[in-house]
Amino acid sequence: MQLDDFDRRIIGALQEDARMPVAQIAERAALSATPVSRRLKRLEDEGLIRGYAPVLDARKLGFALDAYVLVNLDAHSDANIAGFEQAIAENPYVIACHAVTGERDYLLHVIARDVEHLGQITLKSIVRIKGVRDVQSVIVLDTIKRSPALPLE
C-alpha cells in the first residue's frame, strides 16, 4: 500500500495518541476533518490500521516479570505444530509467539507476577504441551526501549 505524506502524518498522530480527535489529527496533517475521516476509513478498510487499543502498564496490573521462552518441538508434524500453536493461543500469559529461525522453533513473550509464577506457566503449562521437547527461559532485567510505534518511511 502506498502512503503519501498526509497518510504518514495521520498515522503518526494516531501512534502518539489513538484517541486524538479527528479535528486535531486534521490540524497535524494539514487537511480538513472530512478528508482525514475518509483517509482513516480507507486505512482501516485496507487493514493498515487494524484496531485501536490502550497501552497498559503490565506492572500496575501485577505482572512484574517479563520473560522470553524459547521452545523446541520434538517433531515438526502438522499435528504437533497445530496443537502447540492452539495451546499457546489459549494461554493468557503468552502475549506474543513467534516461529523463528535458528536452533529454536518458537520464541514466546511471557508475562508473570514473579519468578514462581513464571515457573508455573513454564513447567505446568508450556512444557506439558504435547510435542514440546524443551524450553529455555530468559528473564528480562530491564527494558531499554519498547515502542508500539512503527517507522513511517
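User: Happy to look at this predicted model with you! In which hand does α1 pass α2?

Analyst: A crossing counts as right-handed when the near helix is turned clockwise from the far one by less than a right angle, and as left-handed when anticlockwise. In this predicted model, the crossing of α1 over α2 is right-handed.

User: Thanks! Is α1 parallel, antiparallel, perpendicular or oblique to α2?

Analyst: Let's start from the geometry: α1 spans residues 5–16 and α2 residues 22–29, with axes 9 Å apart and an angle of about 130° between them. Roughly perpendicular ends at 115 degrees and roughly antiparallel needs over 145. The angle therefore makes α1, relative to α2, oblique.

User: Which residues of α2 does α1 meet?

Analyst: On the α1 side, the contact involves Phe6, Arg9, Ile10, Ala13, Leu14 and Glu16. By class, the contact has six nonpolar, three charged and no polar residues. The partners in α2 are Ile25, Arg28 and Ala29.

User: Where do the buried residues of α2 sit around its axis?

Analyst: Good one to check on the structure! The buried residues of α2 are Ile25, Ala26 and Ala29. Their arc around the axis is only 100°, so they lie on the same side of α2.

User: And which exposed residues does the face turned away from that buried side carry?

Analyst: Cover for the buried residues of α2 includes α1 and α3 (33–45). The face of α2 turned away from the buried side carries the exposed residues Ala23 and Glu27.

User: Last one: which residue just after α2 takes a positive phi?

Analyst: Look just past the end of α2. The phi there is about 60°, and the residue is Ala30.

Definitions and conventions: Residues numbered from 1 in each chain as written. Predicted model: local features only at pLDDT ≥ 70, side-chain atom pairs only at ≥ 80, totals over all residues. Heavy atoms only, no water. Axes fitted to C-alpha atoms, helices over the stretch in contact; angles between N-to-C directions. Helix = DSSP H or I, 4+ residues; strand = E, 2+ residues; numbered from the N terminus. Parallel < 35°, antiparallel > 145°, perpendicular 65-115°, else oblique. Contact = heavy atoms within 4.5 Å. Nonpolar A, V, L, I, M, F, W, Y, C, P; charged D, E, K, R; others polar. Buried < 20%, exposed > 50% of the residue type's maximum accessible area, 1.4 Å probe, protein only. Arc of directions from axis to C-beta.
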